[in-house]
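The entries are in the order I made them.

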Amino acid sequence: MTYPIRPISEAEWPAFAGVLEEGFNTTPHPSQEARWKAGTEFDRTLAAFDGDTIAGVTSVFSLTMTVPGGRLPVAGVTAVSVLPSHRRRGILASLMRRQLADIRERGESVAALYASEAGIYGRFGYGRASSNLSFRVRTEGTGFVAGAPHDPSLRLRVVKPAESRAAYERVFASVVGLRPGRYERNDSFWAGVLADSEADQQGAGSLRSVVAEDDEGVRGYALFRVKPSWDAGGTPEGELSLYELEAVDPAAYALLWRSVLDRDLVSQVQAVSRPVDDPIVALLANQRQLRAGWYDELWVRLVEVDRALAGRSYAAPVDVVLEVEDAVCPWNARRWRLSADPTGAECKPVDDEPDVTLPVRALGSAFLGDGLLAAQLGAGLLREHTPGSVRALAAAMAWDPKPWTGLVF
Ligand SMILES: CC(C)(COP(=O)(O)OP(=O)(O)OC[C@H]1O[C@@H](n2cnc3c(N)ncnc32)[C@H](O)[C@@H]1OP(=O)(O)O)[C@@H](O)C(=O)NCCC(=O)NCCS
């Protein structure tokens, strides 16, 4: 059975939203739904139809994402859902194929997404491209190492998040280009970051904020919620959930972390998503106070292997012939010679003998600089024909700092 696919009109929003709510078992607050609708790109929002019924959906945000050495247009795949009544009939698979063809036609060479489950997207050529740390810190006795930065010209100011967006945007604009995986935020993303209805709070308390500034202006901000509580004996057990902490320099960064860790009546800080190389790891004198889990974050798919690989920078020289396997986007399935060094890169179709044979998802996973290609070789998922070629490719594609996105789309 086939399910015709086409972009939806704005009038079809309720049925589209209904499929997402069924798929994700959610009932968004009207303010959340309005925000979500305002950010939707309807011409990039696809539905698969069973007669008049929308049975499956997906959408794309047109993102500008930081990649190693620059920024690229990236298709931010979102809102993927199939009605429970129609699952496992191939609807997701047909939506994915149509969406990838549309992305290619639009000229974007890379797609990226956050996955609800890690097992879904590898078959469509997406590879785990970044990871995050989710950690808890017991705040008692969290000193910093000797030599931690201190700038006496900096001071903290408590601000209202809803009134401080301009300052956040200025700080964010100066950090967004520093780390692969980050993307520029439009109005609707900022509205999501600062949303603070009871539904947004989810019992964690209202959104609060502190900025670090000097006479020249704001140099960093923290956005968080605090859930106050006391144990039976009257000892404060408040929990602070940290959403964002961005700073333009190490001194502002350290001061903001101090304000979070030193907040009165808080015994525990929970950071849901931080970079794997977050400087806080180096700042804490007792690093064991940081109890971290390591999770997949962004999944990346090279929609056009050659344009994508030529569109980023490389940390070391490499000259390899890659034999790419790609059943979903067959235009990628051939041999490519990647010749790159820190000054530039090109990727050309060739018929030469391959140095490495690899599935396209392996290149997606390495694209932002954190692909663990050697681990994939060790797992037997890549076939190396020229000894050392995977290590050379891995060294060239690795990037510092590590990729991280931070804000789910
Ligand atoms: C995940 C979801 C979109 C799959 O839709 P679907 O139409 O049932 O998927 P398909 O029938 O096209 O399946 C395609 C393939 O993916 C596999 N697959 C589907 N859902 C999967 C899952 N959750 N985990 C692992 N594999 C999955 C299928 O087994 C099938 O495998 P095959 O290629 O070996 O045959 C659907 O189950 C859903 O809406 N889930 C809830 C919402 C959600 O998690 N959305 C994803 C947001 S990122």
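**Entry 1: the record and the model.** I noted at the outset that this is a predicted model. I looked up the UniProt annotation and found "domain: N-acetyltransferase", from an unreviewed entry, over residues 3–163. I checked the make-up of residues 3–163 and got 23% helix and 35% strand.

**Entry 2: the annotated active site.** Which residues does UniProt list for "active site"? The unreviewed entry gives Tyr121 and Phe409.

I took Tyr121 to begin with. I found Tyr121 in the loop between β5 (110–114) and β6 (127–128). Is Tyr121 buried or exposed? Its relative accessibility is 5%, and buried means under 20%, so Tyr121 counts as buried. Setting aside neighbours within four places in sequence, I listed Val80, Met96, Leu113, Ala115 and Tyr126 as the contacts of Tyr121.

I then turned to Phe409, which sits in the segment after α12 (389–397). Phe409 is buried as well, with a relative accessible area of 10%. With neighbours within four places left out, its contacts include Phe61, Leu63, Met65, Thr78, Leu113, Tyr183, Phe189 and Leu298. I noted that Leu113 is listed for Tyr121 and for Phe409.

**Entry 3: the nonpolar cores.** I asked how many residues the largest nonpolar core has. It has 56 residues. Phe409 is among those with the most contacts inside this core, together with Leu302, Leu309, Leu322, Leu338, Leu363 and Phe367. Not counting residues up to four places away in sequence, Leu363 touches Leu302, Val305, Leu309, Leu322, Val324, Leu358, Leu393 and Met397. There is also a second, separate core of 29 residues, and Ala222, Ala251, Ala252 and Tyr253 are among its members.

Entry 4: I followed β10 (residues 217–227) and looked at what pairs with it. β9 (residues 207–214) pairs with β10 in the antiparallel sense over 8 bridges. These two strands make a hairpin, with 2 residues between them. Leu207 is placed opposite Arg225 of β10. β10 also pairs with β11 (residues 238–247), again antiparallel and over 8 bridges. There, Tyr221 has Glu246 in β11 as its bridge partner. Why is β10 described as largely enclosed by the rest of the structure? I found 8 of its 11 residues buried, so the description holds.

**Entry 5: helix α5.** I checked burial along α5 (residues 187–194) and found Phe189, Trp190, Val193 and Leu194 buried. They cover an arc of only 125° around the axis, so they are on the same side of α5. An α-helix has 3.6 residues a turn, so residues three or four places apart point the same way. The buried residues of α5 pack against β3 (53–67), α4 (165–175), β9, β10 and β11. At the start of α5, I noted that a side-chain oxygen of Asn186 comes to within 3.1 Å of the backbone nitrogen of Ser188.

**Entry 6: the open sheet.** I traced an open sheet of 5 strands with mixed pairing, in the order β17-β16-β15-β18-β19. Its edge strands, β17 (344–349) and β19 (383–384), each pair on one side only. β18 (residues 356–359) and β19 are antiparallel, with 2 bridges. Val356 stands opposite Glu384 of β19.

**Entry 7: backbone details.** Where is the cis peptide bond? It runs from Asp400 to Pro401, with omega near 5°. Pro401 belongs to the segment after α12.

Ala79, not a glycine, has a positive phi of about 50°. Ala79 lies in strand β4 (residues 70–82) and, at 12% relative accessibility, counts as buried. Leu265, also not a glycine, has a positive phi of about 70°. I found Leu265 in the loop between α7 (250–261) and β12 (266–275). At 48% relative accessibility, Leu265 counts as partly exposed.

Methods. Residues numbered from 1 in each chain as written. Predicted model: local features only at pLDDT ≥ 70, side-chain atom pairs only at ≥ 80, totals over all residues. Heavy atoms only, no water. UniProt positions renumbered as here; feature names shortened; annotations may be inferred. Helix = DSSP H or I, 4+ residues; strand = E, 2+ residues; numbered from the N terminus. Buried < 20%, exposed > 50% of the residue type's maximum accessible area, 1.4 Å probe, protein only. Pairing = 2+ DSSP bridges. Core = buried A, V, L, I, M, F, W, Y, C linked by side-chain atoms within 4.5 Å. Contact = heavy atoms within 4.5 Å. Arc of directions from axis to C-beta. Polar contact = N/O pair within 3.5 Å; in protein donor to acceptor, adjacent residues only side chain to side chain.
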